[in-house]
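Colleague: Before I use any of these terms, I would like to hear what stands behind them. Please set each value against its definition.

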Amino acid sequence: MKRVLNNTWDKIVDWFLRRKNLNHILYVLSAFLIKELAAISAGSDIKNFAENFKGNYPDSALIEVFADLVIVFFSSGSQPVLIITLATIILILYVRFFDDSNLSPVLKALGFLGLSAVVLLTIINLDFNSVKVDIIKYQRVLKEVQRNIANETPTVIKTNSYLDHIKKSNSDFTSFLKEFNDSLTKNPNYTGVAYVTAPAGFGKSYFTKKWIEQELKDKKVGKIKVREDFVCGEQESRCFADSLGYIVTKQPDLISESKNGESKSLGHLYKYTFSLDSILHQYKFENNTDVIMVDDLDEVSDSTMNKYLKDFENIIEKGTYPDLNLIVFLSRPEALVNYLSNTYRKNPKVDKIYGLEQKTLQKPIFSTREQILDRINDWANWYQKEKLGRLIDDTERNHILTQVFNLYNKYDFIKLQLQIQSNSDFLFRGTIKNRINQNTEENEIKTILFNTMVGRNSDTHLRPMLDSNEGVIYMEFLKEVVLNEINIKEISENEGWFIVNNNEKVSIDLDGATYTTTVKSLLNRSGLITIDPIDSKLSKYRFEPFWIHEYLLNKTKKDSP
């Protein structure tokens, strides 16, 4: 047996070392080498061409197979594979040209080492940054995930209004209010606290106030809007609201540090010193309020918010104001995650003291033309009031419906845009102003909507505008996170959700300076993401609406040199 194996091995070696066979192997490896170099230097362009070519002939199975083969063929281009291929070629060249020559062993060794050094130095100096992320694969994954999210198949809910649609999409919160009302019937002094969270622009305060007024019919609802009520005038640094015992200061937020010690603030947050008794005196006694909604908590500093929440909870827990039945806190989930995850909030005795509820509102999924019309009518009625009588008649409403419904059937991302109140507002405004219609190109629509959303975040959350110096840094950070800080496989397996570690940082090079900030602080204050669950140790992130993820990736690709 040993002799057979030895003879077989000798035959294999003999075959490989024959001059003719070495030439054939050398040809194959050289062709593979050229393919690897092409994949490294122009792989993305070749794959883009194949994707576009396939898109031009959607009904041709042969072209689809050919294009897919090209995409697979040029999807490698890795440094390890290149080094192994070149090392094999060098070894064959050595055997082919040096082994049978009359050169001295020293010259043979020097020739071999010299050839190896030249090739390896060439590899080292190649730019492999272009293959860090397979953009084509990344785009495919995002499109597939977006399609899955946008085309969920819910039970078609029969609704008679937009508010009814929201309520039926969130039956558990409606149940909480009904149960709370039943408890009040049995005990008029029953009290409770509810935390209501939803993504930026959802319409939390708009819906929740109407919701409570419908379910707790005998109770008067008051609303504290932290930013609007207590930011006096247009002063930049400090102002006073004497009647409420308030002092307001604006402090830098989301600091990016550069290597040379320079720092830039990419936004601001409000910080308050306040008298809670003054607030409650106005809302409870002057306005005879039974239920208080506290809004804008995601627009103040953590220290202000934590004190705010604890003091309000203590009032309910200790029964300081027995006629105050319910306090409802409204916020984006990422702003409350640290507070709602800490040990203070997880104390088991809390539930025994008062009714406690934590609800994350679910987005309505539009599945019929009538539901989209309900949303348009709700927006148009609000728009008329907001614009001081600007009438939107049935003709205009039907025009918006026709354009939006055609876009809804054409693009998955429109289905996602409709699910958030302010985002659908921007779509309707673009339509009524003739900036968006059924013939507008996809990327142009996305650019209009994205810029409008970022503009809203600048107004409400003191984020930078895109055309400012800080806005350029801000966008570069977001694009870098999308390109190099998110695992594509994780996105694919978790329907777009990804994990961000607490101390994870992101760095960018801009105008000769390197800036660094933490990924969590960047995303948490962006107004472009949501998290689930609301737990600081388990939370996963996803862009909201999800099409923003691909939009930022495409901008990264478009803006790259």
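Modeller: Two strands pair if DSSP finds at least two bridges between them, and strands (E, at least two residues) and helices (H or I, at least four) are DSSP runs numbered from the N terminus. This is a predicted model, in which local features need pLDDT of at least 70, side-chain atom pairs count only at pLDDT 80 or more, and totals for chains, interfaces and linings use all residues. Residues are numbered from 1 along each chain as its sequence is written, and side-chain values use heavy atoms, with hydrogens and water left out.

Colleague: What makes β9 and β10 a pair?

Modeller: Strand β9 (residues 505-510) and strand β10 (residues 513-518) share six bridges in the antiparallel sense, and at least two are required. L510 stands opposite A513 in β10. The two strands form a hairpin with two residues between them, and D511 in the turn has a positive phi of about 55°.

Colleague: Why is S169 called buried?

Modeller: Its relative accessibility is 19%, and buried means under 20% relative accessible area, exposed over 50%, partly exposed in between (1.4 Å probe, protein chains only). S169 therefore counts as buried. Of the 561 residues of the protein, 47% fall in that class.

Colleague: What does S169 touch?

Modeller: Leaving out residues up to four places away in sequence, S169, which is found in helix α7 (residues 162-169), touches I157, Q362, K363 and P364. Contact here means heavy atoms within 4.5 Å.

Colleague: How do you know that K167 and E215 form a salt bridge?

Modeller: The term asks for a side-chain nitrogen of Lys or Arg within 4 Å of a carboxyl oxygen of Asp or Glu. In K167 and E215 the closest N and O atoms are 3.1 Å apart. K167 lies in helix α7 and E215 in helix α9 (residues 204-215), so the pair ties together parts 48 residues apart in sequence. Both K167 and E215 are buried. The whole structure has 15 salt bridges.

Colleague: Why are E442 and K446 separated by about one helical turn?

Modeller: Because they are four residues apart in helix α19 (residues 442-461). E442 and K446 form a salt bridge, with closest N and O atoms 3.0 Å apart.

Colleague: Are E442 and K446 buried or partly exposed?

Modeller: E442 has 29% relative accessibility and so counts as partly exposed, whereas K446, at 4%, is buried. A network of salt bridges links K143, E442, K446 and E550.
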